[in-house]
Protein chains: 2
Amino acid sequence: MLGCPVSSSPVDRMAHSRGQGLPDILRLRTGIVPAFPDAVCRPRTADEVSSVLARCDGAGIEVVPWGGGTSVTGGVNVLESARPVIVMDLEELAGLEGLDETSRLATFGAGILGPRLEEALAMHGYTLGHFPQSWELSSLGGWVVTRSAGQESLGFGRIDDMVAGLKIIAPAGRLELSPMPGSAAGPDLKRLVLGSEGRFGVVTSVTVRIRPLPQERTVEATLLPTWDDGMNTVRALLQASVPLTMLRLSDPPETQVAMAVGLATSPAASLVRRYLRVRGIGDGACLLLAGVAGDPGTIRQTLTRARHIIRRGHGVSLGTRPGKTWLRDRFRHPYLRDGLLDVGLATDTLETAAPWSALHDVRRRVRGAIEGALETNGERVAVLCHVSHPYPDGASLYFTFFFRTAADPGETIARWAAIKRAATKEIAAAGATLSHHHGIGQWHAPWLEEEIGSDGVRILRSIARTLDPNAILNPHVLLDPMERLEA
Amino acid sequence: MLGCPVSSSPVDRMAHSRGQGLPDILRLRTGIVPAFPDAVCRPRTADEVSSVLARCDGAGIEVVPWGGGTSVTGGVNVLESARPVIVMDLEELAGLEGLDETSRLATFGAGILGPRLEEALAMHGYTLGHFPQSWELSSLGGWVVTRSAGQESLGFGRIDDMVAGLKIIAPAGRLELSPMPGSAAGPDLKRLVLGSEGRFGVVTSVTVRIRPLPQERTVEATLLPTWDDGMNTVRALLQASVPLTMLRLSDPPETQVAMAVGLATSPAASLVRRYLRVRGIGDGACLLLAGVAGDPGTIRQTLTRARHIIRRGHGVSLGTRPGKTWLRDRFRHPYLRDGLLDVGLATDTLETAAPWSALHDVRRRVRGAIEGALETNGERVAVLCHVSHPYPDGASLYFTFFFRTAADPGETIARWAAIKRAATKEIAAAGATLSHHHGIGQWHAPWLEEEIGSDGVRILRSIARTLDPNAILNPHVLLDPMERLEA
């Protein structure tokens with residue numbers, strides 16, 4: 001009927017009902033899932049995407065495009081609806097469609113997941129260099145529509161910078177934007193698709209800028225005496241254009257946790273602590289990881305420049321062992337969440353970004369909002385924070401928070417919602433961005449107007465109406481928010 | 001009446017009737033100017049901009065926003081219209097509104113011109129690094145709405161990359177986008193304003209990313225035996241991430257002209273030629289200028305890396321003298337046009353960009369189209385070409401052409417239009433972009449649909465309608481083209 005393979009098996013529908021946010025996990029674990037798609041379709045070609053959309057548009061069926069389903073903002077969640085809802089899983093659109101080695105451009109079907117994309121490029125000696133924490137399970141098209149940033153965005157750029165061309169298909173139109181190195185031919189329409197979260201069309205194909213596979217990767221760890229020293233050092237590294245590929249600065253609480261975990265395995269723990277105190281590194285210390293990728297000569301030169309600046313910030317080197325651990329575990333942290341839930345601890349993350357001059361204030365305010373969010377319940381919330389994606393003009397702040405689960409899963413979700421509401425409200429009030437790389441989805445949508453203004457929202461709505469006049473495409477994300485977070 | 005200073009002096013109206021394209025100059029020189037604005041207004045504040053737009057919207061008056069008036073695409077040209085037309089000159093909105101040294105961000109009124117902007121930053125030790133050839137006369141807001149790229153875009157980026165935040169005012173809305181280092185809060189609306197050419201609103205204020213003023217600038221000149229050697233060398237420099245700030249590769253005809261001009265002043269000309277022939281450099285040689293800016297240590301290191309790659313491309317160094325001449329004359333070339341007109345030669349430029357793998361073909365086809373454009377008139381057209389703005393995935397091609405003027409200025413304009421039509425048609429047919437940094441304006445608009453598709457045009461139109469429902473803002477550029485170039 002839809003012109004492509006369709007599944008209505010309960011397992012398939014369940015597996016495509018929600019993303020990977022904490023409330024999604026809680027609901028899926030407890031079996032209290034409010035809505036499922038009526039079917040899951042898997043188009044094998046762009047023509048099949050087009051045909052599915054035409055039929056759904058005609059029949060008044062909502063379509064949720066699905067890449068890896070790893071959204072942590074409610075970006076793929078199926079809601080109760082008066083209309084039927086199908087999920088369009090793009091996993092069959094996952095081929096390497098073209099490789100232009102001269103121009104270092106590769107074109108992929110948008111449904112390809114991280115590991116397969118990197119394997120396909122590695123066979124030819126290239127990499128994309130886009131490694132979000134969801135990398136193992138998330139898709140190229142998903143990265144594009146959420147404006148994803150990977151752990152090495154410092155060296156390889158955000159997905160925004162990597163996209164040279166793309167194709168989207170919508171119920172009432174399509175865009176085929178050829179790869180261009182630079183252009184002044186009107187506004188850059190690719191940038192409208194980046195961040196559109198499925199509202200403007202289904203991304204079927206993406207041409208990305210690729211680079212030679214680096215020969216080596218090194219991550220050096222340093223402790224800096226205070227958060228101020230750490231922030232000043234990261235900013236100095238950025239503003240001196242040291243070609244690092246990764247920088248991650250943990251605040252004192254996150255550093256304490258990292259040190260506790262790392263040093264617990266070391267027989268020399270107390271000696272190390274004493275040495276650090278002598279060097280001026282106490283409880284206010286901040287862990288800095290600095291990564292570089294390339295050939296050994298470039299790595300050596302870059303680290304020399306970086307160490308010079310880090311020493312000026314009173315940094316004490318911990319060598320490359322903590323970095324090796326980080327590289328090994330870089331995609332594992334999300335899995336810890338399930339283990340913590342088993343012992344009664346819920347954890348989730350949220351993030352923002354702002355100019356350097358505002359970051360101290362933003363961190364203080366958001367941290368305070370999260371810590372105090374469950375005061376009326378008499379529950380405490382623990383907060384860790386790090387800077388991961390720095391730029392010459394500012395950086396992201398990434399918060400991890402922990403709170404106790406309640407006996408009733410609904411109450412646990414209500415606690416989570418209270419924290420998210422408090423944090424998001426504070427982020428908006430502080431003038432920081434609602435998200436640096438998680439996107440808007442359903443959960444941040446109520447605050448979008450505070451960031452881009454009512455006319456910004458009107459512009460996005462006019463584009464959605466042009467491409468999808470009956471609003472069948474993922475109609476509950478980005479615009480037209482349902483409520484200030486499901487309770 | 002409009003709520004801000006208004007001039008209706010004939011000189012002011014004449015000076016604000018057209019940009020700086022060849023047909024504009026020809027018309028202004030001969031006094032055959034088809035249309036003038038009815039008045040020129042000069043708002044002194046964003047509130048005055050808002051008030052002017054509200055009154056014009058209510059009264060059905062068209063408004064052409066004016067920065068420096070240096071458009072070479074008909075971007076500010078006043079056309080005959082059934083409605084009154086005023087030009088809004090933004091020269092009064094030209095202050096440094098904020099300087100955040102920590103975040104390296106500076107906010108300016110959008111009407112500020114290049115030299116004043118750089119002076120204001122230099123007082124604090126910073127630079128924007130945006131030097132289009134029009135720099136002396138063009139404005140920050142103009143750079144933004146045309147997606148300008150400066151001569152050092154390789155090192156400092158396009159204006160697209162420099163803009164961190166901005167404000168626009170439209171008849172039916174406004175956007176105030178705070179500076180953010182990176183964001184995933186929906187599509188990046190700044191990118192809609194970039195390239196909007198005044199159709200979506202008047203840019204009143206822009207926050208740009210700034211950098212420390214470089215201590216020194218050096219430009220080294222090299223001759224490469226062939227165009228292939230040159231292109232491969234530029235591509236290798238880009239793909240090896242050598243941190244140069246400028247690269248410019250002239251094709252053999254442009255190199256011949258440059259050498260003739262340069263060597264004419266040298267008593268050793270014939271010796272030099274003989275030496276170059278021995279080194280394999282003949283008539284097919286291409287001149288490469290490679291620039292770098294920064295502290296002496298960085299410059300030295302960068303040039304060492306660059307020379308290594310240039311030698312692999314069989315380059316023969318000409319030292320830094322030709323580069324010094326280029327630096328001295330970098331903003332002078334447009335003035336030559338008037339002198340050439342006086343001796344009966346018309347000259348203009350056009351440009352495009354494409355991925356590396358397509359550039360040979362694009363150059364051959366566009367050059368052929370220009371050379372043959374006046375065949376039916378029995379007139380020849382001379383064409384020079386260079387690569388100026390290279391990227392890892394491609395580069396721009398910049399064409400300069402020369403043809404004889406006719407006794408009748410109208411016929412000279414017709415010749416120009418025949419060349420532009422032939423070149424633009426060929427650029428579109430070759431799949432290259434209509435413009436790398438000049439914009440769309442009135443003259444490229446008829447081909448925009450070929451580049452971005454009819455749905456791309458529909459999207460832009462829906463945004464224009466949302467912000468300017470009565471289409472009073474610069475209504476003859478970008479969309480809704482009048483004709484395939486005025487004849």
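Over how many bridges do E8(A) and strand E10 of chain A pair, and in which sense? The views below take up this pairing and its surroundings in a predicted model.

**View 1. Strand E8 of chain A and its partner E10(A).**
E8(A) spans residues 163–170. E10(A) spans residues 202–209. The two strands pair in the antiparallel sense, over 6 bridges. One pair to look for is Leu166(A), which stands opposite Val206(A) in E10(A). Of the 8 residues of E8(A), 7 are buried, so the strand is largely enclosed by the rest of the structure. In a regular strand, side chains alternate between the two faces of the sheet.

**View 2. The hairpin from E8(A) to E9(A).**
The hairpin joins these strands through 2 residues. E8(A) and E9(A) run antiparallel, and 5 bridges join them. Look at Ala170(A): its bridge partner in E9(A) is Gly173(A). E9(A), residues 173–177, also gives two or more residues to the side of chain A that touches chain B.

**View 3. An open sheet of 5 strands in chain B.**
The strand order is E5-E6-E10-E8-E9. The pairing is antiparallel. Which strands form the edges? They are E5 (96–100) and E9 (173–177) of chain B, and each pairs on one side only. Neighbouring strands are turned by 10 degrees against each other on average, direction ignored. Within this sheet, strand E8 of chain B, residues 163–170, is joined to E9(B) by 5 bridges. These two strands run antiparallel. Leu166(B) has Leu177(B) as its bridge partner in E9(B).

**View 4. Helices H9 and H12 of chain A.**
H9(A) covers residues 227–239, and H12(A) covers residues 296–312. Their axes come within 9 Å and cross at roughly 145 degrees. The crossing is right-handed. From H9(A), the contact takes Thr233(A), Ala236(A) and Leu237(A). From H12(A) come Ala306(A), Ile309(A) and Ile310(A). The residues of this contact divide into 5 nonpolar, 1 polar and no charged.

**View 5. Helices H9 and H12 of chain B.**
H9(B), residues 227–239, packs against H12(B), residues 296–312. The angle is about 145 degrees, with the axes 9 Å apart. H9(B) and H12(B) make a right-handed crossing. Thr233(B), Ala236(B) and Leu237(B) of H9(B) meet Ala306(B), Ile309(B) and Ile310(B) of H12(B). What kinds of residues make up the contact of H9(B) with H12(B)? They divide into 5 nonpolar, 1 polar and no charged.

**View 6. The contact between chains A and B.**
Chain A gives 67 residues to the contact, and chain B gives 67 residues. Several elements of chain A give two or more residues to the side that touches chain B. Among them are helix H8 (190–193), strand E16 (345–355), helix H15 (356–371) and strand E19 (394–404). Which element gives the most? H17(A) does, with 12 residues. On this side of chain A, the residues divide into 28 nonpolar, 26 polar and 13 charged.

Two copies of a chain are related by a rotation about an axis and a shift along it. The same surface serves both copies, as 100% of the contact residues of chain A recur in chain B.

Definitions and conventions: Residues numbered from 1 in each chain as written. Chains lettered and ligands numbered in written order. Predicted model: local features only at pLDDT ≥ 70, side-chain atom pairs only at ≥ 80, totals over all residues. Contact = placed C-beta atoms within 7 Å. Helix = DSSP H or I, 4+ residues; strand = E, 2+ residues; numbered from the N terminus. Nonpolar A, V, L, I, M, F, W, Y, C, P; charged D, E, K, R; others polar. Buried ≥ 20, exposed ≤ 12 C-beta atoms within 10 Å, placed from the backbone. Pairing = 2+ DSSP bridges. Axes fitted to C-alpha atoms, helices over the stretch in contact; angles between N-to-C directions. Left-handed = near helix turned anticlockwise from the far one by under 90°.
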